[in-house]
Every structure is written in C-alpha cells, then in structure tokens.
Amino acid sequence: MALNSNINLVKSSQVITFDQHKYLLIKYLPLLNKMFLQNLLKIQYPIIQAPMAGTDNPQFVAAACNAGVLGSLGAQYITPEEITKAIAEIRGLTDKPFAINLFSLPPLMVPTEKQIEEALSYLQKYYEKFELAMPSAESVKTMIDPEAQLEAVLQARVPVFSFTLGIPDKKWIQAFKQQSTLLVGTATNVKEAHVLELAGVDAITAQSSEAGGHRGTFIGPFEDSMIGGLALIPQIVDAVKIPVIAAGGIMDGRGIVAALALGAQAVQLGTAFLTVAESPAHAAYKKAIQEHDANDTTITKVFSGGAARGIKNKFIVTNNDKPLLPFPYHHSLTRSFRKIANETGQIEYTNLWSGQGGHLAKELKLSELVKSLMTETKIVLNKLASQ
Ligand SMILES: Cc1cc2nc3c(=O)[nH]c(=O)nc-3n(C[C@H](O)[C@H](O)[C@H](O)COP(=O)(O)O)c2cc1C
C-alpha cells in the first residue's frame with residue numbers, strides 16, 4: 001500500500017489497519033521520542049557525543065556542539081583548574097549547550113606500600129622502555145580531589161553534568177539542581193536506573209555491554225551487568241519515568257532507529273566519534289578501531305584497575321594476570337607511559353578503548369558524520385514504513 005493512500009485512509013476511516021498503525025508508528029517514532037529529552041537538552045539532533053576522558057578535548061567537544069549534538073567533555077583525569085580552563089575554552093568555541101562528565105566513585109581504598117611495590121615491579125620495564133623515572137609510592141597514592149573537581153564543575157554553572165560509576169552525594173545533586181544544571185547518570189542494570197531516578201537525575205544513560213571504555217556499573221559486580229542493548233534499553237525504559245539515552249555499539253542510522261524503537265529518546269556514541277577528523281585520537285588508534293572485528297575487543301582492568309572495553313593488544317595479553325591497584329590508582333600508575341604511547345601511535349602499549357561496533361566507524365569530518373547519521377536514520381525509517 002502506498003504511503004500517501006495510507007495517510008488518507010487513516011484520516012477517513014474509523015478503524016486503523018495493522019499496516020496503517022505500523023506506518024504511523026514508524027513514521028512518527030522519532031517525533032514521539034523527541035518530545036522531551038531533545039527539548040530539555042536544547043539539541044538539534046537526538047545524539048550525544050560521549051564523554052571520553054583522556055581522549056577528548058575542548059575543541060573536539062565544541063565541534064560536536066556546533067554540529068547539532070550534545071558535546072561532552074570527560075573531566076575525570078584533569079585537575080579542578082584544568083576543568084575550569086577547559087569549560088572556558090568550550091564556551092569560547094560554541095554558544096551551544098555541552099556536558100561535563102566525572103566518575104562518581106565510592107570512597108577510595110588507598111593501596112598499601114606492598115601493593116604499589118608489586119605493581120611497580122612488573123611495570124618497571126615499561127617505564128624503562130619509554131625512558132621515564134619510576135614514580136614514588138607517595139606520588140602513586142596522591143589523587144585529584146573528587147570534591148574539588150565537582151566544585152569546579154558546579155562553579156562553572158554548566159548546562160549538563162553527566163556521571164558514571166555511581167551517584168554524587170545528595171548535597172551535590174541538590175546544588176546542581178538549584179542552578180538548573182541538568183543531571184544525567186549512567187546505569188548498566190535496572191536497579192541502578194531505579195536508584196538514579198530516586199536520586200533526582202533528569203535522564204539516564206543506559207550503557208549496554210557493547211560499549212567502549214569503562215563499565216559504569218556501581219551495583220553488583222560488573223560481570224553481572226554485561227547486558228546487551230536489545231535487552232537492557234527496553235527494561236530500563238519500562239522501569240523509569242525519566243528519559244533514557246542508549247549507549248553501546250551504536251554506529252549508524254540502523255543503530256539509532258533500533259535504540260529509538262526500544263524506547264530511548266537519544267543515543268550516546270563514543271567509538272563512532274573517535275575516528276572523525278577532529279578527534280584527538282592518534283591515526284594508528286583510529287586505524288585500529290576501523291580494522292578490528294567485534295570479537296577483537298575485550299573487557300580488561302590492566303590499564304586502570306577498572307573494567308573497560310578496548311581492543312586486545314600486547315599490553316593486555318602480557319599483563320592479564322598481574323596484580324593491580326584499584327581504580328583510579330592503577331590508572332595513574334600506567335598513565336605516564338600510556339601518554340607517550342598514545343602520542344606516538346605505539347598502540348601495543350596503551351589502552352585502545354573501543355566498543356564492539358568499531359569496524360563500522362567512518363573517517364569523516366564531525367559535522368559530516370552527524371549529517372550522515374541523521375540521513376541514514378531517515379532512510380531506515382522510510383524503508384521500514386514502506387515494507
Ligand atoms: C575512549 C572512550 C572513553 C570513555 N570515557 C568515558 C568517560 O570519561 N565517562 C563516561 O561516562 N563514559 C566514558 N566512555 C563510555 C561512553 O560514555 C559510552 O558508554 C560508550 O562510548 C558507548 O559505546 P560506544 O563506544 O560503542 O559508542 C568512554 C568511551 C570511550 C570509547
């Protein structure tokens with residue numbers, strides 16, 4: 001049945017046939033889903049460039065904002081002063097809304113001298129390879145103050161504050177809400193979604209098992225929350241009243257339509273944005289993302305002490321069974337040589353965070369990627385509606 005006659009029939013008849021119902025649902029799905037979150041975030045397209053701490057930068061985030069999506073800066077590994085500076089830089093490059101993201105960790109268990117010694121003993125060869133001095137145990141124990149990071153984000157009165165791996169204390173939630181900063185928490189299971197909604201967040205990112213980077217799990221072991229998007233997204237959508245953002249393995253229009261069909265109001269893409277021209281990722285990293293297969297990624301703790309999905313490389317294989325410090329101490333222990341490896345494209349010695357969809361990544365300008373995502377979405381919707 002032709003689409004136009006379908007519309008006329010719907011107008012003139014009392015009874016809506018299955019075909020007409022399907023047509024209306026598919027045709028207006030994005031509109032229905034658009035209702036709330038897109039307006040709330042004030043973005044042109046229902047797409048969020050995922051925060052990618054350690055890889056993104058203000059120029060990249062602003063380019064995302066200027067392309068009509070919500071740009072997000074992963075600020076976990078930078079100091080409060082650097083956060084303030086980065087926010088000012090973003091504001092200097094765009095007048096569009098953006099998000100700042102932090103990890104919301106439980107109180108840290110400071111590692112013992114013995115644990116640090118054990119970890120340093122097998123990491124020594126990497127310090128030597130990259131001609132770096134070994135860190136002192138004291139410097140390993142010194143972490144950026146998470147409260148000072150939160151204060152820097154609060155003081156900057158950012159449009160959106162997103163977080164993962166937990167929920168900031170009530171006093172922070174209240175302070176952000178008081179100044180109308182929108183709050184977005186991350187859930188990897190239904191229980192976490194409930195807890196986030198109760199805490200008063202404005203939206204939830206449902207991070208499925210395909211996702212690149214750190215697992216956001218904060219209730220139960222991460223292994224129990226390795227839930228694929230097809231199962232996770234509708235269950236979180238059903239469990240909460242607030243909007244849900246789908247994250248994990250979404251690379252093109254097909255993935256976007258699938259996420260919207262499952263009830264998400266927007267999608268958050270990390271890996272797809274890593275390979276664009278404006279992405280600060282090294283060319284060798286971008287190439288690895290595009291060339292690896294879905295089964296070439298793995299969940300590993302070897303780089304940071306926290307579970308994260310990345311492309312399997314020599315460092316993972318060699319150190320899989322070695323003693324680790326808890327996150328983020330292990331992260332800072334391996335940071336100096338990973339930084340050099342990153343900058344010089346020595347991809348066997350650094351974390352290559354990537355989701356399972358990496359093979360579908362494209363090398364385009366950021367604005368071209370966003371345009372092609374939206375064009376593909378429309379094509380897929382029209383194709384479904386005409387079937
Ligand atoms: C390189 C990289 C770094 C990431 N860093 C963060 C981060 O700092 N904060 C966060 O909430 N999520 C982070 N994530 C996870 C993303 O928010 C998102 O869940 C994930 O990218 C979605 O899966 P995809 O990569 O398959 O699109 C990161 C992901 C990648 C690929």
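In the predicted model, the ligand is surrounded by 22 residues, the closest being P51, N101, G249, G270 and T271; a residue is taken as near a molecule if one of its heavy atoms lies within 4 Å of it. By class, this shell comprises 11 nonpolar, 11 polar and no charged residues, with Ala, Val, Leu, Ile, Met, Phe, Trp, Tyr, Cys and Pro counted as nonpolar, Asp, Glu, Lys and Arg as charged, and the others, Gly among them, as polar. At least two shell residues each come from strand 3 (98-103), strand 9 (266-269) and helix 13 (271-274); helices (H or I, at least four residues) and strands (E, at least two) are DSSP runs numbered from the N terminus. Because domain 1 (16-107 + 159-278 + 365-387) and domain 2 (109-142 + 280-362) both contribute to the shell, the ligand lies between them.

A polar backbone atom of G270 is 2.9 Å from an oxygen atom of the ligand. Of the 600 Å² of accessible area that the ligand has on its own, the protein covers 97% (Shrake-Rupley method, 1.4 Å probe).

Two backbone features were also identified. The peptide bond joining F327 and P328 is cis, with omega about 0°, and P328 belongs to the loop between helix 15 (314-319) and helix 16 (329-344). E131, a residue other than glycine, has a positive phi near 55° and lies in the loop between helix 6 (113-129) and helix 7 (137-141).

Residues are numbered from 1 along each chain as its sequence is written. In this predicted model, local features require pLDDT of at least 70, side-chain atom pairs count only at pLDDT 80 or more, and totals for chains, interfaces and linings use all residues, while side-chain values use heavy atoms, leaving out hydrogens and water.

Key. A polar contact is a pair of N or O atoms within 3.5 Å; within protein, one must be able to donate a hydrogen and the other to accept it, and residues adjacent in sequence count only if both atoms are side-chain atoms. Domain bounds come from an automatic or database domain assignment.
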